[in-house]
Structures are given as structure tokens and as C-alpha cells.
Amino acid sequence: MEAINEVLSGIFMPALLMGAGILFAVRLRFFYLLHPVRFFRTLAQAHKGGGVSPFRALSQALAGTLGVGNMAGVATAIVAGGPGAIFWMWISALCAMSVKYAEVRMAVEHRRTGPQGYYGGAMYYIRDIFGKKLPRVGAVAGGGFAVLCIANSLMTGNIVQMYAAASVFPWLSPLVLGGVIGALAFVIACGGAGRVSEVTMGLIPFLSGIYILISAAIILRNGDRLPAVLQEIVAGGLSLRAAVGGTAGFAVNRAIRFGVTRGIFSNEAGCGTSPTAHAAANTKSAHHQGCFGIFEVFADTIVLCSMTAFVILLSDGTKLGMDGIPLTIYAYTSLAGRGAGIFIGVSVILFAFATVICQTQYGTVAIGYFTKKKGPQRVYLVLSTLCTVFGTVIAEGVMWQAADLIISLMTALNVLCLFWCVKREGILQVPSGARRNKRTIKKDP
């Protein structure tokens with residue numbers, strides 16, 4: 001797995017994700033950057049009324065991304081790739097915004113209607129798009145993505161989350177924690193997408209708001225040291241010596257690899273999982289919900305991941321040989337006191353819980369792609385609960401290598417499909433209502 005990840009994450013994935021991001025952004029004429037007022041107005045006017053609101057779908061999507069990726073993922077990226085990994089995390093996020101818009105928009109355009117409302121995801125639009133010209137390829141690609149989605153929900157959505165949660169408080173029994181969260185997640189997931197979105201709607205905005213306030217207070221208190229941290233991030237990501245190779249070139253290569261892969265792990269842009277949540281939204285148009293996808297990447301990586309990175313780099317935790325959640329908790333404790341560290345620890349557990357139930361819902365939708373029978377879904381839910389317990393005792397190296405491999409394969413399949421959409425279907429034309437014209441303002445089609 002490590003050998004495969006060296007190729008996928010070190011060369012192929014950064015080029016694929018950034019190439020797709022630039023291409024899609026050009027096709028969209030950078031409307032979300034050039035017209036921010038109209039962009040946020042689109043977010044405010046997205047709800048069609050009734051059903052799952054776009055913001056509620058966004059909260060569920062953020063539940064699948066916020067938490068461990070923002071804390072353990074950022075810490076691991078800094079330790080493995082140096083401060084320069086944060087620079088490439090920013091670059092990948094800026095490129096990923098247009099990719100997230102594309103996959104969310106496609107999920108809404110190709111979603112289905114069931115007894116409980118809308119449902120869909122990447123596996124459905126992959127099958128539909130390839131199926132028009134190449135039916136067998138569409139069936140195999142859609143089914144393959146659904147299998148990867150199930151594997152990702154068990155690995156990234158359960159095992160990785162619970163490994164991080166179990167490392168928060170040494171005095172708390174990992175198996176007991178895994179059993180309690182697994183049982184609660186099983187009960188909530190059995191209630192369907194509606195119950196999952198209700199829980200995430202209550203948890204995510206509150207936890208995110210407190211986390212931002214504590215992080216901002218720490219950054220402002222140490223504002224005089226922030227320029228040095230920014231210089232360290234940029235210098236690590238764009239070293240002049242990297243152009244001629246050598247040790248710095250190897251360091252920058254690792255910075256790119258871990259910055260991009262942990263960026264994907266954090267905001268899930270391109271890997272095709274969060275469109276499952278967005279597909280359930282009762283939105284005015286696919287374009288409106290696509291804008292929520294852009295905001296998801298901004299809130300997750302540009303805001304929360306950056307704050308975590310600043311706090312970690314402002315502390316001396318990296319010099320003490322720490323990594324993952326312990327490094328993040330130490331950074332907040334050393335800079336803001338024991339209370340902040342305890343809140344971060346509790347937040348990790350609650351964020352992990354929200355991610356578990358959200359990713360379990362994604363896995364249930366992927367099971368439903370193959371069959372609507374309740375039996376396989378119940379078997380999957382039991383397996384998901386077992387993985388929640390297993391995640392508290394798994395070896396860290398194996399876990400991260402497996403998670404990186406699954407996410408890289410999902411991202412490659414999904415982004416290549418989106419490339420096909422742009423070439424064959426002519427999608428992702430700039431929304432006519434997203435740009436202001438001096439003569440007229442056209443409505444979104």
C-alpha cells in the first residue's frame with residue numbers, strides 16, 4: 001500500500017486534482033471568487049421550501065469531513081510533510097472548490113426520488129454518464145465506486161475516526177468508547193437520512209463555532225508570531241532549492257503529497273462522498289447546491305484546517321515528537337490552558353461520532369445502489385458497528401495507508417468521470433445568473 005500511495009499521492013493525485021480544479025474553475029469563470037456578494041446571495045436563496053434544506057444537507061456533509069481531518073489530519077500532515085504541507089493544503093483546497101461544485105451539481109442533476117425524498121451520489125451519475133455511450137463501462141464504474149464508498153465508510157468513516165477518538169483521554173477504555181459510539185450510530189443510522197441530518201444539524205454548527213472562537217483567540221493573542229509562521233509555511237511549500245532537487249526537493253515532494261492527501265481527507269473534495277448528502281437537499285437548482293459545496297471546502301480547509309495549523313505551529317509540540325490528536329490537544333492546552341485542551345478532546349469525540357453516523361449513511365446509500373432489500377443493509381450496519389470498535393485498537397500505520405489508498409482510488413475514478421462529463425456532455429458552463437452584466441442579468445437556467 002505504501003508503494004502504491006507513493007505513486008498515487010506523490011505524483012498522480014496532485015496533478016489530477018489540481019488539473020481538474022483549474023479546468024473546472026476556468027469553465028465556471030471563477031464566479032465564486034470574482035462575485036462573492038452574488039455567491040453568498042445564492043446560498044441565502046437556495047432553499048426551495050420543505051424537505052431537507054440545503055443548509056441541513058451542508059451540515060450533514062460537513063459532519064462527514066470536520067473533526068479528525070481538521071485535527072489529526074492537519075497534525076499528521078505537518079509532522080510528515082513539514083509546514084509546507086499546509087501551503088499545498090491551501091492550493092488543493094482552492095482547486096478543489098470547483099471540483100466540489102462539479103460533483104455536487106452532478107449528484108443533484110442525476111439523483112433519484114424515493115419514499116423518503118431525494119437520494120443519490122457519485123455512483124449514480126458515474127453510471128448515468130458512462131452509460132449513455134458505454135453501458136458496460138458505466139455499470140462497472142458505478143458499481144466499483146459504490147464498493148469503494150462502502151470500504152471508505154468502514155475505514156475512513158469508522159476506523160480512522162475511532163482511532164483518533166480513542167487517543168484523546170488515556171483513562172477512557174477504547175473498547176467501551178467504541179462500543180458506545182457504535183451502538184448510538186447504529187440506532188441513528190437505522191432512522192435513515194432524516195435522523196442523521198437532525199443530529200448533525202444540532203452538533204456541527206455549535207462545535208464548529210466554539211472551535212473557531214478558541215482558535216481565533218489563540219491566534220490573535222500570538223499575532224506577533226504569525227508572520228513567522230506564514231513565512232515558514234510558504235518557504236516550506238515553495239523552496240527555491242526544490243527546483244534543483246536534493247534534500248529540499250524531497251521535502252517539498254512530501255509536503256505536496258501530504259498536503260494534498262490530507263486536504264482531500266479533510267474536505268473530501270473530488271472523492272465523491274459528500275455529494276451523497278447534498279443530493280438529498282430540496283434546493284432550487286443544482287447550481288445553488290453546488291455553491292454550498294464550494295462553501296463546504298472553504299469552511300473546512302481554508303478556515304478550520306488553517307486555524308488548527310496555526311495553533312500547532314505556534315506551539316512547540318512538533319519539537320517534542322508528538323503527532324495526531326495528542327499533538328493538537330497539546331498545542332491548544334499549552335497556548336490556551338487546560339480547559340481548551342479538554343474542549344478539543346471532547347470535540348474530537350463528538351466530531352468523530354458525527355462523522356461515523358454520516359459516513360454510515362453514505363455506506364447505506366451505496367448498499368442501496370446494488371439492492372433495496374433490508375437484509376444487506378442490516379448486515380452492513382452490524383459490520384459498521386464492529387469497525388467502530390475495531391478502530392480503537394488498530395495499528396496507526398496500516399490505518400493511514402489503507403485510508404489514503406481508498407481515498408486516492410475513489411478520487412481518481414470520480415475526477416476522471418467528471419473530466420468525461422466536461423468533454424462529452426458540455427457541463428459546467430458558467431451559470432448565467434452568477435455574473436452581473438451591464439445590460440441585463442440573466443437568470444440561472
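What span should the 13 residues of helix H15 have at 1.5 Å a residue, and how far apart are its end C-alpha atoms? Helix H15, residues 324-336, should span 18 Å, and its end C-alpha atoms are 19 Å apart, which agrees; the expected span is 1.5 Å times one less than the number of residues in a helix.

## The model and its confidence

This is a predicted model, in which local features need pLDDT of at least 70 and side-chain atom pairs count only at pLDDT 80 or more, while totals for chains, interfaces and linings use all residues. Residues are numbered from 1 along each chain as its sequence is written, and side-chain values use heavy atoms, with hydrogens and water left out.

The pLDDT, which is the predictor's confidence in each residue on a scale from 0 to 100, has a mean of 79 over the chain, and 85% of the residues reach 70 or more. Over residues 240-253 the pLDDT is below 50, and this stretch has eleven contacts in the model beyond near neighbours in sequence, where contact means heavy atoms within 4.5 Å. Residues 433-445 also have a pLDDT under 50, and for them the model has 24 contacts beyond four places in sequence.

## The chain as a whole

The chain holds 18 helices and two strands; these are DSSP runs numbered from the N terminus, with helices (H or I) of at least four residues and strands (E) of at least two. Of the 445 residues in the chain, 59% are buried, where buried means under 20% relative accessible area, exposed means over 50%, and partly exposed lies in between (1.4 Å probe, protein chains only). Among the contacts in the chain with a separation of 6 or more, 83% are between residues 24 or more positions apart.

## Two helix pairs

Helix H6 (residues 84-109) and helix H11 have axes that come within 6 Å and cross at roughly 80°, where axes are lines fitted to C-alpha atoms, for helices over the stretch in contact, and angles run from 0 to 180 degrees between N-to-C directions. That angle makes H6 roughly perpendicular to H11, given that angles under 35 degrees count as roughly parallel, over 145 as roughly antiparallel, 65 to 115 as roughly perpendicular and the rest as oblique. On the H6 side, Gly-84, Ile-86, Phe-87, Trp-88 and Trp-90 meet Leu-230, Ile-233, Val-234, Gly-236 and Gly-237 of H11. The residues of this contact divide into seven nonpolar, three polar and no charged; here Ala, Val, Leu, Ile, Met, Phe, Trp, Tyr, Cys and Pro count as nonpolar, Asp, Glu, Lys and Arg as charged, and the others, Gly among them, as polar.

Helix H7 (residues 122-133) packs with helix H16 (residues 338-370) at an angle of about 35°, their axes being 10 Å apart. H7 contributes Met-123, Tyr-124 and Arg-127 to the contact, and H16 contributes Val-365, Ala-366, Gly-368 and Tyr-369. These residues divide into five nonpolar, one polar and one charged.

## Around helix H15

The buried residues of H15 are Gly-324, Ile-325, Leu-327, Thr-328, Ile-329, Ala-331, Tyr-332 and Leu-335. An α-helix has 3.6 residues a turn, so residues three or four places apart point the same way. Just after H15, Gly-337 takes a positive phi of about 100°.

Ile-218, which lies in helix H10, counts as buried at 1% relative accessibility. Not counting residues up to four places away in sequence, Ile-218 touches Val-311, Tyr-332, Leu-335 and Ala-336, and its C-alpha atom is separated by 9.3 Å from that of Met-307, 89 residues apart along the chain. Asn-222 is found in the loop between helix H10 (192-221) and helix H11 (226-237) and counts as buried at 12% relative accessibility. Leaving aside neighbours within four places in sequence, Asn-222 is in contact with Leu-314 and Leu-335.

## Other positions

Ala-299 has its place in helix H14 (residues 286-314) and is buried, with a relative accessible area of 16%. The C-alpha atoms of Ala-299 and Ser-208 are separated by 9.5 Å, although these residues are 91 residues apart along the chain.

Arg-29 is found in the loop between helix H1 (2-27) and helix H2 (31-34), and Phe-30 lies in the loop between H1 and H2 as well. Arg-29 has a positive phi of about 60° although it is not a glycine, and phi of Phe-30, also a residue other than glycine, is near 55°. Arg-29 counts as partly exposed at 40% relative accessibility, and Phe-30 counts as partly exposed at 35%.
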